[in-house]
Amino acid sequence: MHWRIVEAPHVDSLDHPDSWAYRGIAEVERRVALADRGLPDGAPTPDALRAAMADQRYQRRHRVVAVDDGLAADDVSTGGSASSDGGTPEAPQVLGHGLVICDTHDNLDLAFVHVAVHPDHRGRGIGPALADVVVDRARAEGRTRLMAEVEFGAEPPADAPDAVVAPTGNGRIAGDLPGLRLARTAGLDLKMIARRSVLDLPPPDDVVTRLEPEARAAAGPEYRLHVWHDDLPDEWLAGYAALIERLTIDEPNPGLDLEPEHWDAERLRFEIEQGRSVGHQFVTTCVEHEPSGELVAATLLDHDPQHPAYSEQETTVVMPEHRGHRLGLLVKCVNLRKHAARWPGVERIWTWNNEDNPYMLAINIAMGFRPAGGSALLEADLADVRSVSG
């Protein structure tokens, strides 16, 4: 077999000898992104992995890694064996990793699992072994439902012989993808597909100059815009948290058994500080309904200077009673303009939308976003999940 699965050691600093695990996981994710999606965009940095494990008040996480068996178990746990010349210890080689995430405030019956194997080491049984380990960890957590996600770089043609169509009829994925085969073999069922879209920058000349004035005119005089960089004023945290919570209520997730998440100012402050601690920057545009003084719409663009070529389009939401005024389009146009002024060298923006959310998809298409793959969401009762490692 020549490999083994061990706990990923947690360290408080990447200067620690045992940071090999976070560095190895990040490299596996980078190579998987290149192989499966064509670009390394979206792969986590070692420091982001470390930060997510450091404070688990909202999500409890377990990480395991498959490492080359050239090192003894004791060597793996302490950062590696001595090098051949007696100098600096050699870091174990990470061949794949597994992750379990259990929310601590919402969806307390659910565990999200993720498995990734370095493309050069697929076909060696590493993925199935990691899958069985993370499923066992989910059971040990007392969870009764399992969810997994499989990303892909391009949607197959409708007439592709191996295309798998989402139960809703919206979205397709190639049936021969290793991650999809593994999940379905374990007994997880495809529930829905989310579309990944990309906007190449700069956008078409008329996107902002034409669409923003149209949206402002439709919004009318009762709405006031706020733009913030890298933080939110304390007095607006609760209002913005209410918008995020509303999104978890309204976002279409057909087939997935998800309950809405509770968001408040404390949870939002935690998320902001988590991102800032690893260098992330953001620009967000919000809409205040002046007669009520409430935030009623928002959007956010997240940028990591360690990955200067792209940014991520995050939450876009409008409160139900204020829809129909083109506020979603307005905040996205303004935010795009502010993003261009702050990070002129960014080449592309990525965003995600459920294939069953035609309204937001229509806005993105109008702004110049084009489909660029997506992800399949799969789910099962843990009692029905099977071992896949033999």
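In the predicted model described here, strands E3 and E4 form a hairpin with six residues between them, and within the turn Asn107 has a positive phi of about 50°. In E3, Gly96 stands opposite Ala66.

By contrast, E12 and E13 run parallel and are joined by three bridges, with Tyr310 standing opposite Arg348 in E13.

The largest nonpolar core comprises 43 residues, and those with the most contacts inside it are Leu232, Tyr240, Leu268, Val287, Leu327, Leu336 and Met367. At least two residues of this core are supplied by each of several helices and strands, including helix H6 (206–219), helix H7 (234–250), helix H8 (265–277), strand E10 (281–289) and strand E12 (310–318). Helix H9 contributes seven residues, the largest share of this core. Apart from this core lies another, of 36 residues, among them Trp3, Val117, Leu182 and Leu378. When neighbours within four places in sequence are left aside, the contacts of Leu268 are with Leu232, Leu237, Tyr240, Ala241, Ile244 and Trp263.

The second largest pocket holds about 170 Å³ of space. It is lined by 14 residues, of which Ala26, Arg30, Ala43, Pro44 and His307 are the closest to its centre. Helix H1, formed by residues 20–37, gives four residues to the lining of this pocket, the largest share from any element. In terms of residue class, the lining of the second largest pocket divides into seven nonpolar, two polar and five charged residues.

Two charged residues located in separate parts of the chain were also examined. Arg4 lies in strand E1, which consists of residues 3–7, and counts as partly exposed because its relative accessibility is 28%, a value between the limits of under 20% for buried and over 50% for exposed residues. Although Arg4 and Pro128 are 124 residues apart in sequence, their C-alpha atoms are 13 Å apart in space. Glu290, in turn, lies in the loop between E10 and E11, and with a relative accessible area of 44% Glu290 is therefore also partly exposed. The C-alpha atoms of Glu290 and Pro221 are separated by 8.9 Å, the two residues being 69 residues apart along the chain. Leaving aside neighbours within four places in sequence, Glu290 is in contact with Pro221, and also with Glu222 and Arg224.

How values were computed:
Residues are numbered from 1 along each chain as its sequence is written. This is a predicted model: local features need pLDDT of at least 70, side-chain atom pairs count only at pLDDT 80 or more; totals for chains, interfaces and linings use all residues. Side-chain values use heavy atoms; hydrogens and water are left out. A nonpolar core is a set of buried Ala, Val, Leu, Ile, Met, Phe, Trp, Tyr and Cys residues joined through side-chain atoms within 4.5 Å. Buried means under 20% relative accessible area, exposed over 50%, partly exposed in between (1.4 Å probe, protein chains only). Contact means heavy atoms within 4.5 Å. On a 1 Å grid over the protein atoms alone, a cavity is a set of points where a 1.4 Å probe fits but cannot get out, and a pocket is an open set with protein on both sides within 12 Å along at least five of seven lines; lining residues have an atom within 4 Å of a point. Grid points are joined across faces, edges and corners, and a volume is the space filled by probe spheres set on the points. Two strands pair if DSSP finds at least two bridges between them.
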